[in-house]
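Let's take a walk through a protein model together. Have the sequence and the 3D view open, and look up each residue as we get to it.

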Amino acid sequence: MRKWVVCLLSVCLLTAACAGASASGVTLSTFTPFADMDFAAQSYMDIITAWEAETGNVVEDYSGVTDEIWTGQMREMIESGTADILIIPVGMGFTSKELLTVDELLEAAPDCGAKKFASMREADGSVLLAPVRLNWEALYINRDVLEANGLAVPATFDELVAVCSALSQKGIVPISNALCEWAEIVLDCAALSGAPEAEFGLESSLSGAGALLTALTQVGAFGADAWNVTDEEAEARFLSGEAAMRIDMDALAESVPATRTDVVTVMTLPPVDGNARTMVVGEPAFGLAVTRACMDDPARREAALSLVRTLLSDENAAKLATGVTGELGKSIATLCASAQDCTGTLFNMNADTFEAWSEQVIAGLMSLQ
């Protein structure tokens, strides 16, 4: 049976619980954020319970809110050598003395499903976390709006321009974003689409974003009121199915009505050069790591690698990446699974110049109206 342990339990209670574990199995201690109101809490519990039944092992789980109490207990157990698998926020300051690197994890279990993201590099240069959940930005599409107007989901940038032109001529807002509010996400996605992904954040990608948005604006892609509508109004217009598309971050998916999750999908903004992008716009949120103490224990090592394979399998990774169902959930899982890294955001990469640049781009687009 799985034993759930809240973060406030003492190490003594943990020791007693471990003593009661099945003699034929191994007990692993895990820390994750999948608790309380997190959308993956139930899925995670089901995954762990099924793994326990299959292997005969036991999980002492310390899932909880990632606050100081949770973090403090985790650090104490890592220091004592009793923590095994962690799913934690990026940038918590651990080192390769405490956690296995992703390279080492892949060497021990090449089939475990772990990915190595350069964007998850720690201060000491090591990559300790395999991505589990991303904060992404992408193009949302009301597929039913396109279908009702005899249009297919655009696979190329030229097709996107053509779709926007056709919808605009029919009086339908193609891409519902308020360009005077929260335009940063639009600019991020345009920068990745407008230049090779290796140039994201450089001047070439900023110029590419301007050129891409100019081409879209010239065919009415953002509607006639993109400079005076509020972003709340623009979002509502998309969610109701009035507009065809919207560029937004992952949080919008949770606002899509359950009745529409089978007609809404997400995808990377089609690249101008026609070359597929392997990165997703945004930043990693949580990653998985195995403690070095766990890997130094032969019994715990094999059990931990088995659990890592289970957690990072395509099916289970999708459950941990999004709580959205239907075709929308599938497209989110595909977006995250296909990503080989995250780009970061333009503001974080160009904090000193981003505001002036973005204002210049928006002013240039306004002049086209």
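Start with Arg277: with a relative accessible area of 14%, this residue is buried (buried means under 20% relative accessible area, exposed over 50%, partly exposed in between, using a 1.4 Å probe and protein chains only). Arg277 forms a salt bridge with Asp273, and their closest N and O atoms are 3.0 Å apart. A salt bridge here is a side-chain nitrogen of Lys or Arg within 4 Å of a carboxyl oxygen of Asp or Glu. Asp273 counts as partly exposed, at 36% relative accessibility.

A quick note on where this comes from: the model is predicted, so local features need pLDDT of at least 70 and side-chain atom pairs count only at pLDDT 80 or more, while totals for chains, interfaces and linings use all residues. Residues are numbered from 1 along each chain as its sequence is written, and side-chain values use heavy atoms, with hydrogens and water left out.

How many salt bridges does a search of the whole structure find? It turns up 14.

| Pair | Closest N and O atoms |
|---|---|
| Glu104 and Arg292 | 2.7 Å |
| Arg277 and Asp273 | 3.0 Å |
| Arg237 and Asp225 | 3.2 Å |

The Glu104 and Arg292 salt bridge links distant parts of the chain: Glu104 sits in helix α4 (residues 102–108) and Arg292 in helix α10 (residues 292–295), 188 residues apart. Helices (H or I, at least four residues) and strands (E, at least two) are DSSP runs, numbered from the N terminus. Both partners count as partly exposed, Glu104 at 29% relative accessibility and Arg292 at 22%.

Now for Arg237 and Asp225, which also form a salt bridge. Arg237 lies in helix α9 (residues 231–239) and Asp225 in the loop between α8 and α9, so this pair ties together parts that are 12 residues apart in sequence. Arg237 is buried, at 10% relative accessibility, whereas Asp225 is partly exposed at 23%.

Two packed helices are described by the angle between their axes and the distance between the axes. The axes are lines fitted to C-alpha atoms, for helices over the stretch in contact, and angles run from 0 to 180 degrees between N-to-C directions.

Take α7 (residues 184–194) and α8 (residues 203–218): they pack at about 105°, with axes 7 Å apart. That makes them roughly perpendicular (under 35 degrees is roughly parallel, over 145 roughly antiparallel, 65 to 115 roughly perpendicular and the rest oblique). Among the residues that meet here are Val186 and Leu187 in α7, and Gly208 and Leu212 in α8; contact means heavy atoms within 4.5 Å. The residues of this contact divide into seven nonpolar, four polar and no charged. In this scheme, Ala, Val, Leu, Ile, Met, Phe, Trp, Tyr, Cys and Pro are nonpolar, Asp, Glu, Lys and Arg are charged, and the others, Gly among them, are polar.

Helix α6 (residues 157–169) packs on α8 too, at about 30° with axes 8 Å apart, so α6 and α8 are roughly parallel. Phe157, Leu160, Val161 and Cys164 in α6 meet Leu212, Ala215 and Leu216 in α8. This contact has seven nonpolar residues, no polar and no charged.

**Zooming out**

The protein chain has 15 helices and nine strands. Buried residues make up 53% of its 369 residues.
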